[in-house]
Amino acid sequence: SDALSAVRPGTLVWIEDAKAVWRLAETSRVAGDIAWVIEPNTATSRMTLGGDGAAADLEGDGDAAEVKVDLTECHVFDPSHGLDLDDLAAMNNLHEAPLLYCLYRRFINDSIYTFSGPVLISINPYKTIPGLYDLDSALESPDLSRPHVYSIAHRAALQHMVKCFNNTHGQGTGVEE
């Protein structure tokens with residue numbers, strides 16, 4: 001792809017990983033469709049992100065390994081991959097790695113609902129999240145842009161009311177005024 005042709009030493013890429021499914025690594029050398037990536041020690045590595053989602057640093061315990069990878073099996077990291085997005089449709093270069101990474105980050109922060117366009121993704125937290133289903137605050141100020149089961153219910157109720165209104169006022173019933 002065009003994104004892979006722009007891979008140079010220092011480019012961050014998503015690589016497949018047996019344990020984590022995908023892992024972020026930094027290219028050290030590139031030759032054709034082959035790259036060598038520096039992969040921090042998998043036991044202690046983590047990615048530090050800047051406020052704008054840009055990867056600021058790959059950290060490990062100093063025991064990084066250089067691994068040879070096929071670039072056709074990698075995906076280039078985009079700064080939007082590090083953002084906490086309520087809607088995955090706003091992510092650039094969406095594929096499995098940043099999708100899973102975003103859902104994982106939201107899950108550990110107790111944000112178990114995420115939109116993907118009009119679809120609501122829900123991840124079972126296997127615990128009670130205080131205030132998650134506070135009906136009083138949801139009714140006081142419904143926020144349809146916030147991913148939540150209540151916003152989906154609110155959208156459905158609004159669509160139903162519009163349909164009922166249209167049907168009782170002649171639109172869609174074959175009755176013309």
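A salt bridge is a side-chain nitrogen of Lys or Arg within 4 Å of a carboxyl oxygen of Asp or Glu.

**View 1. Salt-bridge network of D84, D86 and R106.** In this predicted model, D84, D86 and R106 are linked in a network of salt bridges, and a search of the whole structure finds five salt bridges.

**View 2. The pair D17 and R23.** D17 forms a salt bridge with R23, in which the closest N and O atoms lie 3.3 Å apart. D17 has a relative accessible area of 15% and is therefore buried, and R23, at 13%, is buried as well.

**View 3. The pair E66 and R29.** A salt bridge with an N to O distance of 3.2 Å joins the side chains of E66 and R29. This pair links distant parts of the chain, with E66 in strand β6 (residues 65-70) and R29 in strand β2 (residues 21-31), 37 residues apart. E66 counts as partly exposed at 45% relative accessibility, as does R29 at 41%.

**View 4. The pair D110 and K127.** The side chains of D110 and K127 meet in a salt bridge at 3.0 Å, N to O. Here too distant parts of the chain are linked, since D110 lies in the loop between α2 (96-108) and β8 (113-116), whereas K127 lies in the loop between β9 (119-122) and α3, 17 residues apart. D110 is partly exposed, with a relative accessible area of 28%, and K127 is partly exposed at 49%.

**View 5. The second largest pocket.** This pocket has a volume of about 310 Å³ and is lined by 18 residues, of which A138, L139, P142, Y150 and S151 lie nearest its centre. Helices α3 (135-140) and α4 (149-168) each supply at least two residues of the lining, which comprises nine nonpolar, six polar and three charged residues.

Conventions. Residues numbered from 1 in each chain as written. Predicted model: local features only at pLDDT ≥ 70, side-chain atom pairs only at ≥ 80, totals over all residues. Heavy atoms only, no water. 1 Å grid on protein atoms, 1.4 Å probe; cavity = no way out; pocket = protein on both sides within 12 Å on 5 of 7 lines; lining within 4 Å. Points joined across faces, edges and corners; volume = space filled by probe spheres on them. Helix = DSSP H or I, 4+ residues; strand = E, 2+ residues; numbered from the N terminus. Nonpolar A, V, L, I, M, F, W, Y, C, P; charged D, E, K, R; others polar. Buried < 20%, exposed > 50% of the residue type's maximum accessible area, 1.4 Å probe, protein only.
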